[in-house]
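Hi everyone, thanks for coming. Let's take a friendly walk through one structure together, so please have a look at the screen.

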Amino acid sequence: MTALQDLNARLAQKPAARLEVKNLCVAYGTFRGPFNAIDNVSFTVEPGTTLGLVGESGCGKSTVVKAIMNLLPEATTVTGDVLLNGKNILGLSDKALQQVRWTQISLITQSAMNSLDPVLCIGDQIVESILAHEKIPYGLAWARAAEMFAVVGLPAARLREFPHQFSGGMRQRAVIAMALSLNAGMLLADEPTTALDPIMQDQIMTRIRGIHEHLRRSMILVTHDIAVVSETCETTAVMYAGKLVESGATADVLQRPRHPYTMGLQNAFPKLPVRGTSRQPLISIPGTVPNLLMPPRGCRFASRCPFAAALCHAEQPELIQSSDGHAVACHFAERAPEFRLAARQAETWRAKEAAI
Ligand SMILES: Nc1ncnc2c1ncn2[C@@H]1O[C@H](COP(=O)(O)OP(=O)(O)OP(=O)(O)O)[C@@H](O)[C@H]1O
């Protein structure tokens, strides 16, 4: 067996990770006081599965990812637990975290440019992260980097190039190669295609899906795009204004949503027209996300929800899980079938808009 085969075999033995986020709360320190960006969020990613974290811009998806990676600014209060294979990684020292990052948990960020050093060739950057954790010769780490380039569809010769010589899509693939280089059991992909054009977005997502199928790492995929989630993720968690409002198996959450916010999100995304039917118009959710410096007393979605009643404005609904694992935070979850029918009508949302 060659040294590279030996290294590959050793890294391949790493099991996919289990990640459990429990009662996560994050408050950014601002000059106006604490900004409660995340309020009591809990979810689990089972080994080898992908969880899609969806919600409008500003709902707190990236904050969850940064909290897991301990990448939040200093003046931030974080409470709760982030259990990676049963071990709490929240609040670990920088030194302890270095042992975890890249080897056990890797981040693929929104903008590849932020993850890459402009003055080092890309190969050296991947090699550097490998050598920080593996006592192996430089040449062997380079060979591993070349293999990872092949996994993401880049020629090994381009390892010698600098980030500015790569297109946006190639840079994003290079960052994915780096995230895979030590075969971490858990990958966090924070809107990995946002900065790219639609064709490149599609190519990168196809690549990520291929990697998921072949390597079976555990993954959190943060995205605005419900279509991407339905194609890629076994489970889905929907966030609204810093809270988890719905979660469960992707097919359950997206085909039979129980929270009016999830129903509204679906209307706001283009669907492929079914032959013989007319193209469905996009319906946006009226209003805006509430100010979390002063969160509303009741359900955070109540002011935009076409089905809200007095109770919704007065009391926060708890996230309640049914026996099928589908969890929803809505006082009227049992009326979901009726709401789903009404939510497909643009008039339902227009009437709410007129009332705001
Ligand atoms: N450093 C910070 N200080 C104060 N508030 C912040 C800070 N970073 C983010 N926020 C606020 O926290 C909230 C959640 O932001 P976050 O970036 O997590 O949302 P998101 O759902 O990931 O949005 P997007 O999809 O646009 O990335 C937003 O209201 C944002 O303005």
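Which residues in the largest nonpolar core touch the most other members? Before I answer, please keep in mind that this is a predicted model. The residues to look for are Ala145, Ala177, Ala179, Leu188 and Ile220, out of 89 in that core. Helix H7, residues 168–180, gives the largest share of this core, with 7 residues. And where does the core sit? It lies between domain 1 (118–183) and domain 2 (258–272 + 281–355), because both of them give residues to it. As background, nonpolar side chains in soluble globular proteins tend to be buried together.

Let's zoom in on Leu188. Beyond its neighbours within four places in sequence, Leu188 is in contact with Val65, Ile68, Met69, Ile105, Leu107, Ile108 and Ile220.

Now to the ligand. It is surrounded by 13 residues, and the closest are Tyr28, Ala37, Ser57, Ser62 and Thr63. By type, the shell has 7 polar residues, 5 nonpolar and 1 charged. Strand E1 (19–30), strand E2 (33–45) and helix H2 (61–68) each supply at least two shell residues, and H2 gives the most, with 3.

Finally, here are two backbone angles to look up. Asn40, in strand E2, is not a glycine, yet its phi is positive, at about 55°. Asn40 counts as partly exposed, because 17 other C-beta atoms lie within 10 Å. Ala241 has a positive phi too, near 45°, and sits in the loop between strand E9 (235–240) and strand E10 (243–249). Is Ala241 buried or exposed? With 25 other C-beta atoms within 10 Å, Ala241 is buried.

Conventions: Residues numbered from 1 in each chain as written. Predicted model: local features only at pLDDT ≥ 70, side-chain atom pairs only at ≥ 80, totals over all residues. Near = placed C-beta within 6 Å. Helix = DSSP H or I, 4+ residues; strand = E, 2+ residues; numbered from the N terminus. Nonpolar A, V, L, I, M, F, W, Y, C, P; charged D, E, K, R; others polar. Core = buried A, V, L, I, M, F, W, Y, C linked by C-beta atoms within 7 Å. Buried ≥ 20, exposed ≤ 12 C-beta atoms within 10 Å, placed from the backbone. Domains from an automatic or database assignment. Contact = placed C-beta atoms within 7 Å.
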